[in-house]
Amino acid sequence: AATGGAPKQVWNKPDPGSGFVPSPDGKRVAFVRSNRGAKEDAPHASDLIIRWLSDGTESTTAHDDLSIRGIIWSPDGASIAYTGGSKIIHHDESPSYSGAKLIYRVSEYVPGQIYALKLADAKPVPIAKPGEYGGLAWVDSTHLVFDGQSSDFKSYFIYLADAATGNTKTIHEIHEEKFWSIPDWGE
């Protein structure tokens with residue numbers, strides 16, 4: 001109990017899941033259960049699970065062939081937003097300047113798609129287009145807010161999205177000729 005006392009086991013499964021997020025009313029928990037492939041390079045599909053803490057009843061509310069992350073509940077607990085389909089691809093390289101015995105691992109990030117899911121409908125609604133977004137949050141029970149930037153990092157946007165339709169509109173933007181950069185220490 002949140003007020004204290006002796007802990008008790010809620011469930012025991014071989015893959016209990018990850019990314020646990022309690023509902024606003026504290027009666028349910030949303031989490032991701034991965035369906036790991038047998039080989040390291042096999043797809044790691046993910047299921048979005050809702051579990052009632054009172055009796056352990058679970059329901060799979062969404063599935064993605066790659067991944068699900070960043071789960072957030074709407075304030076009324078009727079909907080969930082999450083990002084699906086993002087992944088990291090590792091590339092092992094041995095540049096000629098470092099010699100044949102050194103191998104560098106370079107990580108390539110493939111951005112995902114934001115989804116809103118009204119739990120009663122069980123049909124995820126894509127929000128915006130796939131991309132790298134941040135700051136995903138519910139404004140109220142029907143609208144999401146998130147931010148993004150242009151590929152040249154010179155423009156920054158804040159978007160408002162309708163969770164039922166996926167339609168977005170820009171509510172704030174900043175354009176700078178010199179926005180920001182990370183120095184390339186290799187040169």
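**Group meeting: strands and cores**

Okay, let's start with a pair of strands: β13, residues 155-162, and β14 run antiparallel and are joined by seven bridges. Strands here are DSSP runs of E, at least two residues long, numbered from the N terminus, and two of them pair if DSSP finds at least two bridges between them. Along this pair, phenylalanine 157 has glutamate 173 in β14 as its bridge partner.

Quick word on the source: this is a predicted model, where local features need pLDDT of at least 70, side-chain atom pairs count only at pLDDT 80 or more, and totals for chains, interfaces and linings use all residues. Residues are numbered from 1 along each chain as its sequence is written, and side-chain values use heavy atoms, with hydrogens and water left out.

Back to the strands. The order β11-β12-β13-β14 makes an open sheet of four strands, with antiparallel pairing. β11 (134-138) and β14 (168-175) sit at the edges with a single partner strand each, so one side of each has no neighbour in the sheet.

Now, the cores. A nonpolar core is a set of buried Ala, Val, Leu, Ile, Met, Phe, Trp, Tyr and Cys residues joined through side-chain atoms within 4.5 Å; buried means under 20% relative accessible area, with a 1.4 Å probe and protein chains only. The largest one has 12 residues, including Trp73, Tyr82 and Leu117. β2 (28-35), β3 (45-52), β5 (68-73), β6 (79-84) and β9 (113-118) each supply at least two of its residues, and β5 gives the most, with three. Apart from this core lies another, of 11 residues, and Phe157 turns up there, among others.

Note on methods. Buried < 20%, exposed > 50% of the residue type's maximum accessible area, 1.4 Å probe, protein only.
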